[in-house]
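Please go through the charge pairs and the strand layout of this chain. The report below takes the charged side chains, then the sheets, then the chain as a whole.

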Amino acid sequence: ADCNDDCLPDQGADLAVYKMTVPPIGPGVGVVDCVLTYSVAIINYGPDTDANVVVVDELPAGVTLVSASSTIGTVVAADGYVTCTIDQLPVTISMPEFLTIEVIPTTTETLINRAWISGCMPDPYLDNNVSVLQTPVFADCNDDCQPDQGADLAVYKMAMSPFGVGVEDCVLTYTVAIINAGPDTDANVVVVDELPAGVTLV
């Protein structure tokens with residue numbers, strides 16, 4: 001075959017894609033309602049330039065697409081797929097080309113994202129033609145686009161009276177200590193005290 005129309009026999013092109021995430025907090029995790037950036041490295045290990053190269057990224061369930069762009073070729077997003085079409089992909093000498101996809105996670109489930117590449121040339125090594133990335137997504141109670149590590153909430157009750165006990169027809173004061181042992185600040189906290197039978201609220 002002659003994928004490059006140069007009247008020379010095709011030796012082949014080892015195409016590859018590698019996926020990574022670049023959220024604001026660093027690689028490997030996402031946060032609900034905050035932008036998560038997928039970066040897909042597009043590589044041609046050669047020995048030939050390849051033609052009619054197609055990179056497809058299948059968006060996972062639980063995300064909303066914000067944007068998609070590439071350093072090479074034409075990008076189209078439709079029906080949960082982002083497709084980058086490249087007329088000619090030269091052998092990668094130093095930096096690869098990149099397909100960049102921004103999404104917003106809408107669920108705390110782990111996102112499974114898959115991308116693959118194909119071209120006209122014979123490909124001697126197909127194992128690197130597909131890249132699968134799993135990204136855990138965390139809640140964001142404080143709306144700071146940082147994953148919630150957790151908050152150890154606690155309440156402690158005590159009754160305050162002159163003798164440490166209640167006296168009929170006399171004021172008895174309940175004190176509820178509200179504690180957050182961290183490590184995070186918590187939000188939308190609710191403390192409920194159920195009054196016992198036999199008392200009148202003052």
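## Glutamate 58 and its partner

Glutamate 58 is partly exposed, at a relative accessible area of 26%. Buried here means under 20% relative accessible area, exposed means over 50%, and partly exposed lies in between (1.4 Å probe, protein chains only). The partner of glutamate 58 is arginine 114, and the two form a salt bridge with their closest N and O atoms 3.5 Å apart. A salt bridge is a side-chain nitrogen of Lys or Arg within 4 Å of a carboxyl oxygen of Asp or Glu.

This pair links distant parts of the chain. Arginine 114 sits in strand E9 (residues 111–118), glutamate 58 in strand E4, and 56 residues separate them. Arginine 114 is also partly exposed, with 34% relative accessibility. The model is predicted: local features need pLDDT of at least 70, side-chain atom pairs count only at pLDDT 80 or more, and totals for chains, interfaces and linings use all residues. Residues are numbered from 1 along each chain as its sequence is written, and side-chain values use heavy atoms, with hydrogens and water left out.

## The buried pair

The structure holds two salt bridges. In one of them, the side chains of lysine 19 and aspartate 57 meet at 2.6 Å, N to O. Distant parts of the chain are linked here too: lysine 19 belongs to strand E1 (residues 13–21) and aspartate 57 to strand E4 (residues 50–58), 38 residues apart.

How accessible is lysine 19? Its relative accessibility is 9%, so lysine 19 counts as buried. Aspartate 57 is buried as well, with a relative accessible area of 0%. Side chains of opposite charge can pair when their charged atoms come close.

## The five-stranded sheet

Five strands make an open sheet, in the order E6-E7-E4-E9-E10, with antiparallel pairing. Strands E6 (74–78) and E10 (130–135) stand at the edges. Each has a single partner strand, so one side of each is left without a neighbour in the sheet. Neighbouring strands are turned by 15° against each other on average, direction ignored. Axes are lines fitted to C-alpha atoms, for helices over the stretch in contact, and angles run from 0 to 180 degrees between N-to-C directions.

Two strands pair if DSSP finds at least two bridges between them. E9 and E10 pair in the antiparallel sense over six bridges. Isoleucine 112 has glutamine 134, in E10, as its bridge partner.

## The four-stranded sheet

Four strands form another open sheet, ordered E1-E3-E8-E5 and antiparallel. Which strands stand at its edges? They are E1 and strand E5 (63–70), each with a single partner strand. The twist averages 20° from one strand to the next.

E1 pairs with strand E3 (residues 36–47) in the antiparallel sense, over eight bridges. Tyrosine 18 has alanine 41, in E3, as its bridge partner.

## The whole chain

The chain has zero helices and 13 strands. Helices (H or I, at least four residues) and strands (E, at least two) are DSSP runs, numbered from the N terminus.

Buried residues make up 30% of the 202 residues. Among contacts with a separation of 6 or more, 71% join residues 24 or more positions apart. Contact means heavy atoms within 4.5 Å. The accessible surface of the chain comes to about 12,000 Å², and 56% of it belongs to carbon and sulfur atoms. These areas come from the Shrake-Rupley method with a 1.4 Å probe; for residues, only the protein chains shown count as cover.
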